Amino acid sequence: MNAWLLAAAVLAAGGLGPCLLLGLRGEPRQRLAGLNLAATVTAAVLLLLAQGFGRPSYTDLALDLAVLAPAGTLVFTRFLAGQDH
């Protein structure tokens, strides 16, 4: 295990936990924020794993996630716009 993999494990354990708690509890707007933050943390974890394992395909996946996650957030925001919570 090298430093990249250790950093990915620490970020996954410490970063995704609060995102999941926020995504499972709270108001719809807070859940949306948790989803958006989880996508960002997941992209960072995938970049660290790409460096740790020396696999460029993980970098491609992280960059795809970084591009598509904001679009998904916009779609969910559009659905939430009609709700008054």
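This is a predicted model: local features need pLDDT of at least 70, side-chain atom pairs count only at pLDDT 80 or more; totals for chains, interfaces and linings use all residues.
Me: What relative accessible area does L63 have?

Reply: L63 lies in helix α3; helices (H or I, at least four residues) and strands (E, at least two) are DSSP runs, numbered from the N terminus. Buried means under 20% relative accessible area, exposed over 50%, and partly exposed in between, using a 1.4 Å probe and protein chains only. L63 is therefore partly exposed, since its relative accessible area is 46%.

Me: Where in the protein is confidence highest?

Reply: Start at the other end: confidence is lowest in α3, with a mean of 88. The highest value is 93, and it belongs to α1.

Me: Which pattern does the protein follow along the sequence?

Reply: The secondary structure comes to three helices and zero strands. The C-alpha trace spans about 50 × 25 × 10 Å along its principal axes. Read along the sequence, the pattern is α-α-α.

Me: How far does α2 reach from its first C-alpha to its last?

Reply: Helix α2 runs over residues 28-53, which is 26 residues.

Me: Which helices do the buried residues of α2 pack against?

Reply: Buried residues of α2 include L32, A38, A39, V45 and L48. Contact, by the way, means heavy atoms within 4.5 Å. The helices that the buried residues of α2 pack against are α1 (3-24) and α3 (56-80).

Me: Are α1 and α2 roughly parallel or roughly antiparallel?

Reply: Two packed helices are described by the angle between their axes and the distance between the axes. Axes are lines fitted to C-alpha atoms, for helices over the stretch in contact, with angles from 0 to 180 degrees between N-to-C directions; under 35 degrees counts as roughly parallel, over 145 as roughly antiparallel, 65 to 115 as roughly perpendicular and the rest as oblique. α1 and α2 pack at about 170°, with axes 8 Å apart. So the two helices are roughly antiparallel.

Me: How many nonpolar residues are in the contact of α1 with α2?

Reply: Ala, Val, Leu, Ile, Met, Phe, Trp, Tyr, Cys and Pro count as nonpolar, Asp, Glu, Lys and Arg as charged, and the others, Gly among them, as polar. The contact of α1 with α2 has one charged residue and seven polar ones. Its nonpolar residues number 19.

Me: At what angle do α2 and α3 pack?

Reply: The axes of α2 and α3 are 8 Å apart. The pair is roughly antiparallel, and the residues of its contact divide into 17 nonpolar, five polar and one charged. The packing angle is about 175°.

Me: Which residues is T73 in contact with, leaving aside its neighbours within four places in sequence?

Reply: T73 is found in helix α3 and is buried, at a relative accessible area of 14%. A33 sits in helix α2, 40 residues from T73 along the chain, with 8.6 Å between their C-alpha atoms. Apart from neighbours within four places in sequence, the contacts of T73 are L32 and N36.

Me: What relative accessible area does A39 have?

Reply: A39 has its place in helix α2. Beyond its neighbours within four places in sequence, A39 is in contact with L65 and A69. A39 is buried, with a relative accessible area of 17%.

Me: How far apart are the C-alpha atoms of F53 and N2?

Reply: F53 is found in helix α2 and counts as partly exposed at 49% relative accessibility. Leaving aside neighbours within four places in sequence, F53 is in contact with L5 and Y58. F53 and N2 are 51 residues apart along the chain, and their C-alpha atoms are separated by 9.1 Å.

Conventions: Residues are numbered from 1 along each chain as its sequence is written. Side-chain values use heavy atoms; hydrogens and water are left out. The expected span of a helix is 1.5 Å times one less than its number of residues. pLDDT is the predictor's confidence in each residue, from 0 to 100.
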